[in-house]
Each structure stands twice: as structure tokens, then as C-alpha cells.
Amino acid sequence: MTDDGDDVGARLEMLLVMQWLDEGADEEGEIALSVPTAANELGLEPDRAGLLAVMAALGQLEDRHLVRVAWPAGTGGSEAHVTLSGELRSDARRLFGRT
């Protein structure tokens, strides 16, 4: 059985991949992620709990070496710079027919 944290992590992983593909699937795998927007798109409450759920899911994905996350100064934790791993980018290209 999957707990809510795993579910948010899996949905966030797909959201990140789709955003990367929508933005042109650059070779570096870099995207800017708005934490409040991600919470909204994942159907989470727009309060502190929803934002923390997104941040925790990013941490889980980073622990699994699927992404690298940087928190730029001056954004107050509302925006993350995310870099998708080579493996995740390769899987996404294969699954979604991108070369």
C-alpha cells in the first residue's frame, strides 16, 4: 500500500517530467518549479501543509537521485530550480516518443 507522501512524490515526478517536455526537453533537464503552482496542480491545499508536501516530495525525489533541487535566494522557498536526472530524462523521452 502506498502512503500519501509516496503518492504526492509519484505525481510530482510526472508533473516535473511533463513540465520539462512542455518546455522543450532541453538537454540539461533544468526547469523552474513554482511550489504553490505545483501544489495547486497536484490538488493539494494552498496552505502551508500543501506547500510542505511539495517540498517533502522534492526531497524524496532528490534522495532517489531522480532530481537535483536548488533553492535560489530571494524566492522565500516559493520557487525551486530542478534538474532532472539523465535516467529520468531518458525514460521520459522513450515513453513519450522524444528523441
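Here is a walk through this predicted model, from the overall fold down to one arginine.

Let's start with the whole chain. The protein chain has 4 helices and 3 strands, and if you trace the elements from the N terminus, they come in the order α-β-α-α-β-β-α. Along its principal axes, the C-alpha trace spans about 40 × 40 × 20 Å. How does the radius of gyration fit with a compact globule? A compact globule of 99 residues would come out near 13 Å, and the protein chain has 13 Å, so the two agree.

Of the 99 residues, 36% count as buried. The accessible surface of the protein chain comes to about 6000 Å², and carbon and sulfur atoms make up 50% of that. As for how the chain folds back on itself, take the contacts between residues at least 6 apart in sequence: 55% of them join residues at least 24 apart.

With that in mind, zoom in on R89. You'll find R89 in helix α4, which covers residues 86-95.

What R89 does have is a backbone neighbor: a polar atom of the R89 side chain lies 3.5 Å from the backbone oxygen of E28. Leaving aside residues up to four places away in sequence, R89 touches W20, D26, E27, E28, G29 and L84.

Technical notes. Residues are numbered from 1 along each chain as its sequence is written. This is a predicted model: local features need pLDDT of at least 70, side-chain atom pairs count only at pLDDT 80 or more; totals for chains, interfaces and linings use all residues. Side-chain values use heavy atoms; hydrogens and water are left out. Helices (H or I, at least four residues) and strands (E, at least two) are DSSP runs, numbered from the N terminus. A polar contact is a pair of N or O atoms within 3.5 Å; within protein, one must be able to donate a hydrogen and the other to accept it, and residues adjacent in sequence count only if both atoms are side-chain atoms. Contact means heavy atoms within 4.5 Å. The radius of gyration is taken over C-alpha atoms; the globule rule is 2.2 Å times the number of residues to the power 0.38. Buried means under 20% relative accessible area, exposed over 50%, partly exposed in between (1.4 Å probe, protein chains only). Accessible areas come from the Shrake-Rupley method with a 1.4 Å probe; for residues, only the protein chains shown count as cover.
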